[in-house]
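Okay, thanks for making time, everyone. Let me put the structure up and walk you through a few places in it.

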Amino acid sequence: MGLEPDILKPLERGDGRRTAVEVYETLQDSILSGRLKPGTVLSQVEVARVLNVSRTPVREAMRMLQEGGLVTGEPNFRSRVLGFDPRDIEALYMKRILMESLAVTFTTRTMTPALKARLGEVVHALEGHEAHENFAVWQGLHREFHRLIVAQA
């Protein structure tokens, strides 16, 4: 089962955001809303053509979707939308919010000046030009931010 016509629309770019993030958000929304059904094959070539972008941001978006458990893909094979129960995803996020909130409480109570300074640097970098232009930079900083805010737990 491939992409059905009119599920995805060409992206309107121009707001300075990274194309890979836009592709990711478009596909994620289409999967989570049910417009892209479980089992749908996502060809990078076809998705790039439909969204009017190059294959590079599509490839990056597919990796992000795989990390999030929304698609499966193996080398030399097309990606496929996975089935999921929205209640399972909601439960997972609720657990993460609770656990991370508790961990942040412990971290802020025992935060060293060095940790506070590094956290400030990471937040500043996340808001900077390079993080907005390079998804790999943003992703690394985002992961470091979450690691730092729970570092003392």
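Let's start where two helices meet: R96, E100, A103, V104 and T107 in α4 are in contact with H146, L148 and I149 in α7, contact being heavy atoms within 4.5 Å. Before I go on, this is a predicted model, so to say: local features need pLDDT of at least 70, side-chain atom pairs count only at pLDDT 80 or more, and totals for chains, interfaces and linings use all residues. Numbering runs from 1 along each chain as its sequence is written, and side-chain values use heavy atoms, with hydrogens and water left out.

Back to that contact. For the classes, Ala, Val, Leu, Ile, Met, Phe, Trp, Tyr, Cys and Pro are nonpolar, Asp, Glu, Lys and Arg are charged, and the others, Gly among them, are polar. Helices here are DSSP runs of H or I with at least four residues, strands are E runs of at least two, and both are numbered from the N terminus.

How do the two helices sit against each other? The α4 and α7 axes come within 8 Å and cross at roughly 60 degrees. Those axes are lines fitted to C-alpha atoms, for helices over the stretch in contact, with angles from 0 to 180 degrees between N-to-C directions.

Now zoom in on E100, which sits in α4. Leaving out residues up to four places away in sequence, E100 touches H146, I149 and V150. With H146 there is a side-chain to side-chain polar contact of 3.0 Å. A polar contact is a pair of N or O atoms within 3.5 Å; within protein, one must be able to donate a hydrogen and the other to accept it, and residues adjacent in sequence count only if both atoms are side-chain atoms.

On to the pockets. The largest pocket holds about 920 Å³ of space. Its lining has 26 residues, with Y24, M64, G68, Y93 and H142 nearest the centre. On a 1 Å grid over the protein atoms alone, a pocket is an open set of points where a 1.4 Å probe fits, with protein on both sides within 12 Å along at least five of seven lines, and lining residues have an atom within 4 Å of a point. Points are joined across faces, edges and corners, and the volume is the space filled by probe spheres set on them.

Which element gives the most to that lining? That's α7, with six residues. By class, the lining of the largest pocket has 12 nonpolar, eight polar and six charged residues.

The second largest pocket comes in at about 190 Å³. It is lined by 12 residues, and Q44, M62, E74, F77 and S79 are the closest to its centre. Here α3 gives the largest share, four residues.

Last stop, the loops. In the loop between α2 (44-51) and α3, V53 is buried because its relative accessibility is 12%; buried means under 20% relative accessible area, exposed over 50%, partly exposed in between, with a 1.4 Å probe and protein chains only. N52 is in the loop between α2 and α3 too, but at 52% N52 counts as exposed. Phi of N52 is near 65 degrees, positive in a residue other than glycine.

And T40, in the loop between α1 and β1 (41-42), is buried at 3%. A polar atom of its side chain lies 2.7 Å from the backbone oxygen of K37.
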